[in-house]
Amino acid sequence: MGNDPSRSVSQTVRDCRSLRTMLHSDKFTRVSFLDFCRDFLIMRKLVFSVAVLATAAVISVGGCFSAVGEPAAASGNKIAAVHEPSAAPRASVTHVYLLRGFLNVFSLGMDSLAVELRSVGISATVDSYASWHEVAHAIAANYKAGQRGPIVLVGHSFGADSVMDMGTDLGREGVPVALIVAFDGTYTHAASANVARVLNLYKGADAMVTRGPGFHGELTNYHVDDANVTHTNIDKVPRLHAMVISKIKGVRGSGAAASTLPKTSG
């Protein structure tokens, strides 16, 4: 599951084809394009603000160290190292991994959903869909190290495609996935045998999820037929967030049963 240049190239080609298909499909209406541009401008503003704050912080910290450096050295006092708390999920805790879509700027609903999850005590992290190999590798490593809490994968657009691929990849590593939530992927997928539940929120039939070989879990393809909901804002709809959070709470409530490979018959 390490970095493979050939897989990176094939993923880039796949993403370009998927984007071309999306731009020429009913997913990309005039309303979608406006949402697309809005999210891009919001993210650019956020990135600029973070860059300014980071620069100011570096300057401030540099000044502090230069001011206290000599006295500390003169007195012979050692400065204790500060360690950040481990980001790895605890052994029995549900952890939700959310993946944004194209260019890592057009799925801000993943960020707001993560905030909502944390507000009800559920651990959640957000990454770019392009990082799914690294995220899957970390999940597998944590699982093999004894982190057996329920694993939940959530993604939008290319991120939805990626969480389905992650499910398959984790299955090859013998890692069970308690729940996958896909917000309108860009093509059809088959759920893998190691996945217990799939909730697919979709706009068009090209984003359906089917039962793959060995899959005996719960599969829900939920068609969002609201005309005001498009491919680029489906990840931000409050009622869909509420549905997803309720589903994740159900997984958490099932306890250890969600952290083992689904049973298969035959």
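Start by selecting R100 and then S128, its bridge partner in β2. Strands such as this one (E, at least two residues) and helices (H or I, at least four residues) are DSSP runs, numbered from the N terminus. Before moving on, note that this is a predicted model, in which local features need pLDDT of at least 70 and side-chain atom pairs count only at pLDDT 80 or more, while totals for chains, interfaces and linings use all residues. Residues are numbered from 1 along each chain as its sequence is written, and side-chain values use heavy atoms, with hydrogens and water left out.

**Stop 1: the whole protein**

Zoom out. Of the 266 residues, 43% are buried; buried means under 20% relative accessible area, exposed over 50% and partly exposed in between, with a 1.4 Å probe and protein chains only. Contact means heavy atoms within 4.5 Å. Among contacts with a separation of 6 or more, 67% join residues 24 or more positions apart.

**Stop 2: the sheet**

Now show the strands. An open sheet is formed by 6 of them, in the order β2-β1-β3-β4-β6-β8, with parallel pairing. Two strands pair if DSSP finds at least two bridges between them. At the edges are β2 and β8 (218–223), each pairing on one side only. From one strand to the next, the twist averages 15°. Strands of a sheet pair through backbone hydrogen bonds, either parallel or antiparallel.

Return to β1 and β2: they pair in the parallel sense over 6 bridges. Then select residues 132–144, which are helix α4; this helix lies across β1, β2 and β3 and runs at about 170° to β1. For that angle, axes are lines fitted to C-alpha atoms, for helices over the stretch in contact, and angles run from 0 to 180 degrees between N-to-C directions.

**Stop 3: strand β4**

Which way do the side chains of β4 point? L179, V181 and F183 point one way, I180 and A182 the other, and all are buried. In a regular strand the side chains alternate between the two faces of the sheet. With 5 of its 5 residues buried, β4 is largely enclosed by the rest of the structure.

Select V181 and look to either side. V181 is the bridge partner of V154, and in β6 the bridge partner of V181 is L199. The parallel pairing of β3 with β4 covers 5 bridges, and that of β4 with β6 covers 4 bridges.

**Stop 4: helix α5**

Next, select residues 158–172. This is α5, through which the chain crosses from β3 to β4 in a right-handed β-α-β crossover. Right-handed means that, with the strands pointing away from the viewer, the path from the first strand over the helix to the second runs clockwise. In α5, 12 of the 15 residues are buried, so the helix is largely enclosed by the rest of the structure. Among the buried ones are F158, D161, M164 and D169. After α5 comes G174, with a positive phi near 75°.

**Stop 5: helix α3**

How far apart are the end C-alpha atoms of α3? They are 17 Å apart, which agrees with the 16 Å that its 12 residues should span at 1.5 Å a residue; the expected span is 1.5 Å times one less than the number of residues. Its buried residues are L108, G109, M110, L113, A114 and L117. G121, which follows α3, has a positive phi near 85°.

**Stop 6: the nonpolar cores**

A nonpolar core is a set of buried Ala, Val, Leu, Ile, Met, Phe, Trp, Tyr and Cys residues joined through side-chain atoms within 4.5 Å. In the largest one, of 26 residues, select V96, L98, L113, L117, V154 and F183, which touch the most other members. The elements that each supply at least two residues include β1 (95–100), α3 (108–119) and α6 (238–253). The largest share, 5 residues, comes from α6. Apart from this core lies another, of 22 residues, among them Y97, Y143, M166 and I180.

Now focus on V96. Leaving aside neighbours within four places in sequence, V96 is in contact with L117, I122, S123, A124, T125, V152, V154 and I248.

**Last stop: T230**

Finish in the loop between β8 and α6, where T230 is found. T230 is buried, with a relative accessible area of 7%. T230 and Y202 are 28 residues apart in sequence and 9.6 Å apart in space, C-alpha to C-alpha.
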